[in-house]
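I opened this notebook to record what I looked up in one structure. The entries follow in the order in which I made them.

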Amino acid sequence: MSLTDDQYRRFADLTFEDLRRMAQDESLSPNEKVGFPESYRAGKEKQIFDGIVANLPRLNETRRVVLDIGPGCSQVPHLMIELCRRQAHTLLLVDSQEMLAHLPDLDFVKKFPAYFPQCEELIRDYSSKVDVLITYSVLHGVFAEGNVWDFLDGSLELLAEGGEMLIGDVPNVSKRRRFFSSTRGIKFHQQFTRTDTLPEIAFNRLERHQIDDSVIMAVLTRARNQGFDAYVLPQRPGLPFENRREDILIRRP
Ligand SMILES: C[S@@+](CC[C@H](N)C(=O)[O-])C[C@H]1O[C@@H](n2cnc3c(N)ncnc32)[C@H](O)[C@@H]1O
């Protein structure tokens, strides 16, 4: 099922503080607490998780250090916790205290209640020690309210040699424009709206808080210039936003 643009914007505009408040709202489901309407996430968690694991082969090794920045509290971090238990990994989790409170306290899980990278203890203790870093559906929030470069550099600082990092589920307004300018995109829009109207596509417009190709390319370039390999990956077909989101994979050689 697809989302209306209004729902999309509501999701895109949530701040860390909004999400902290929502984490405590008992009227919301776990998916809604992390800002996803049920229609977006319900029944998709395993597919999302399998996509993450497919891009991060080191998760299949044993006794590694895994860091999830912004795990939230949906089914996805629970699947990650189970994988880490199975593979005897240490799992580090950074999110608001309110979000982390929904995840179990286990001996192989270390929680860091903080807005990354404002967590000195983690950066000090795990510099160059993290084998796998995941941050899924988080970057657009940091782009709108934080400092993407500080977030990126702080993450790269933690990666061990051979370490890999997935910046997943990044909405890209340029990709969205390309899709809705295509025959397939126009058909998608017309089926969704049950009209014969054309999707609204605007070029040369200021798009505050929206990640576009320039930001994606700059993230790749900055990582590469600092000694890391970096790639853009398409999302798996079947994911709700695969026509307008993509993933970034970074590896420390
Ligand atoms: C949209 S949710 C995604 C949750 C989870 N990764 C998933 O895909 O199911 C974004 C999560 O990232 C957290 N978050 C956002 N910016 C963060 C930051 N700079 N440091 C730590 N957590 C952050 C939010 O509190 C929220 O739990």
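I began with F116, where a polar backbone atom lies 2.8 Å from a nitrogen atom of the ligand. I counted a polar contact as a pair of N or O atoms within 3.5 Å; within protein, one must be able to donate a hydrogen and the other to accept it, and residues adjacent in sequence count only if both atoms are side-chain atoms. The model is predicted, so to speak of local features I required pLDDT of at least 70, and for side-chain atom pairs pLDDT 80 or more, while totals for chains, interfaces and linings use all residues. Residues are numbered from 1 along each chain as its sequence is written, and side-chain values use heavy atoms, with hydrogens and water left out.

I then looked up two further contacts. A backbone N or O atom of G70 is 2.7 Å from a nitrogen atom of the ligand. In the side chain of D95, an N or O atom lies 2.6 Å from an oxygen atom of the ligand. Of the 600 Å² of accessible area that the ligand has on its own, the protein covers 97% (Shrake-Rupley method, 1.4 Å probe; for residues, only the protein chains shown count as cover).

Next I turned to the shell around the ligand. The elements that give two or more residues to this shell are α2 (16-23) and β2 (90-95). I took helices (H or I, at least four residues) and strands (E, at least two) as DSSP runs, numbered from the N terminus. The shell divides into 16 nonpolar, 4 polar and 2 charged residues; Ala, Val, Leu, Ile, Met, Phe, Trp, Tyr, Cys and Pro count as nonpolar, Asp, Glu, Lys and Arg as charged, and the others, Gly among them, as polar.

I also checked the backbone. The peptide bond from F116 to P117 is cis, with omega near 5°. I found P117 in the loop between β3 (109-113) and α8 (120-126). R63 is a residue other than glycine with a positive phi, near 55°. I placed R63 in the loop between α5 (45-55) and β1 (65-69).

Last, I noted the overall form. The protein has 13 helices and 7 strands. The C-alpha trace spans about 55 × 45 × 30 Å along its principal axes.
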